[in-house]
Amino acid sequence: MTDKTNPVDLITGHRRMRRNRKADWTRRMVQENRLTADDLIWPIFVVPGSGIVVPIEAMPGVNRMSIDKAVEAAKEAADLGIPALATFPNIEMRLRDETGSNSLAANNLINETTRAIKKAVPNIGVITDVALDPFTSHGHDGILRNGEIVNDETVAQIARAAVVQAEAGADIIAPSDMMDGRVGAIRRALDAAGHQNVGIMSYATKFASAFYGPYREAIGTGGLLKGDKKTYYIDPANGTEAMRDAALDVEEGADMLMVKPGLPYLDICWRMKESFGLPVFAYQVSGEYTMIKAAAANGWIDGERVMLETLLAFKRAGCDGILSYFAMDVARILAKRP
Ligand code: PBG
């Protein structure tokens with residue numbers, strides 16, 4: 001028999017990576033990560049009124065919905081197997097003020113949304129943000145005093161707001177404001193009010209990012225925001241600082257951690273998962289969504305494939321789930337797969 005050894009066999013010592021890639025069935029067999037509907041958290045935008053579904057210009061395919069429509073959407077999401085929603089309110093301008101006082105109102109838009117969703121669709125989780133930005137007249141996540149976002153006064157207020165949100169039925173409180181000590185303060189306030197079962201998903205590492213632009217249009221804070229958020233969000237240059245910030249949240253009692261934005265910060269996702277072993281989530285934010293939509297609308301990329309690839313990349317980076325505006329699109333695609 002003639003020796004059919006090839007030069008490449010000698011180079012690789014007879015190892016060939018392509019053997020496992022040769023057919024669809026081998027590729028399926030060795031696939032390490034898989035995206036399922038269980039991995040998806042769907043962020044939605046809520047407006048006052050009823051029967052309202054208005055498109056958000058900077059986020060093609062995403063709408064602001066009144067509570068009744070949000071309830072319908074929640075039903076659809078639950079039917080597709082999406083475990084949870086993250087709700088963001090577009091508060092009427094007349095209700096916004098210096099301190100974001102409407103955040104404490106038991107019947108404000110976010111709490112009424114929670115109540116309506118939990119009543120009609122009890123099997124979907126509701127995750128609420130306690131940051132003050134939807135409620136402040138200046139668009140900041142905290143209370144503004146003499147040009148400063150004051151930490152401790154803000155923490156006291158968001159801890160109270162968290163209790164009000166829990167009372168409305170929120171399952172998980174997600175503080176995105178990056179004030180020091182907020183996770184511990186929220187945990188204590190929740191427990192003192194008897195909400196031991198309400199969890200905290202910390203926006204542990206939230207970066208001062210340009211990717212939030214379209215979101216600010218969606219909740220009407222873009223035009224209001226004075227200055228930037230660099231005194232409380234993390235500098236995109238800093239990974240070690242992000243880890244230290246997350247470590248404090250873990251000590252203060254966070255149940256889950258989140259990295260935001262997502263795709264440009266996969267290194268942080270990986271480091272957090274490796275270091276803490278807590279469930280780690282990534283928020284694929286508005287700007288990430290919009291970039292994919294815009295390029296796809298121009299025919300420059302295959303939007304569906306890029307969407308699925310980005311979400312799978314989060315899984316590979318160690319994420320247990322992803323907050324994504326693509327959640328419904330993806331869940332529909334996954335539901336059709338055998
Ligand atoms: C603020 C908040 C932001 C987002 C959600 N809550 C960032 C900001 O406006 O500074 C961004 C979400 C997105 O871009 O999709 N607490």
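This is a predicted model: local features need pLDDT of at least 70, side-chain atom pairs count only at pLDDT 80 or more; totals for chains, interfaces and linings use all residues.
What is the volume of the largest pocket? The largest pocket has a volume of about 730 Å³.

**Stop 1: the largest pocket**

Select Gln-31, Asn-33, Arg-34, Leu-312 and Arg-337. Of the 18 residues that line the largest pocket, these lie nearest its centre. Next, colour the helices α2 (24-30) and α11 (303-316), each of which supplies at least two residues of the lining. The helix α2 gives the most, with four residues.

**Stop 2**

Inspect its backbone here: phi of His-14 is near 75 degrees, a positive value in a residue that is not glycine.

**Stop 3: the ligand and its surroundings**

Now select the ligand and display the residues around it. The ligand is surrounded by 17 residues, and the closest of them are Ser-176, Arg-216, Lys-260, Ser-286 and Tyr-325. When this shell is sorted by class, eight residues are nonpolar, two are polar and seven are charged.

At Asp-141, a polar side-chain atom lies 3.0 Å from a nitrogen atom of the ligand. At Lys-229, an N or O atom of the side chain is 2.8 Å from an oxygen atom of the ligand. At Tyr-325, a polar side-chain atom lies 2.6 Å from an oxygen atom of the ligand. Then show the surface of the protein: the ligand taken alone exposes 400 Å², and the protein buries 100% of that.

**Stop 4: the largest cavity**

Hide the ligand and consider the space that remains. Which cavity corresponds to the space taken by the ligand? That space is the largest cavity. The count comes to one cavity of 30 Å³ or more, and the largest cavity has a volume of about 130 Å³. Select Lys-206, Tyr-212, Tyr-215, Tyr-233 and Lys-260, which are the closest to its centre among the 17 residues that line the largest cavity. By class, this lining comprises seven nonpolar, three polar and seven charged residues.

**Stop 5: from Lys-260 to Pro-261**

Keep Lys-260 selected, as this residue is among the closest to the ligand and among the closest to the centre of the largest cavity. Is the peptide bond from Lys-260 to Pro-261 cis or trans? The bond is cis, with omega near -10 degrees. Pro-261 itself is found in the loop between β10 (256-260) and α9 (266-276), and the tour ends at this loop.

Methods. Residues are numbered from 1 along each chain as its sequence is written. Side-chain values use heavy atoms; hydrogens and water are left out. A residue is near a molecule or strand if one of its heavy atoms lies within 4 Å of it. A polar contact is a pair of N or O atoms within 3.5 Å; within protein, one must be able to donate a hydrogen and the other to accept it, and residues adjacent in sequence count only if both atoms are side-chain atoms. Accessible areas come from the Shrake-Rupley method with a 1.4 Å probe; for residues, only the protein chains shown count as cover. On a 1 Å grid over the protein atoms alone, a cavity is a set of points where a 1.4 Å probe fits but cannot get out, and a pocket is an open set with protein on both sides within 12 Å along at least five of seven lines; lining residues have an atom within 4 Å of a point. A molecule sits in a cavity or pocket if more than half of its atoms lie within 2 Å of its grid points. Ala, Val, Leu, Ile, Met, Phe, Trp, Tyr, Cys and Pro count as nonpolar, Asp, Glu, Lys and Arg as charged, and the others, Gly among them, as polar. Grid points are joined across faces, edges and corners, and a volume is the space filled by probe spheres set on the points.
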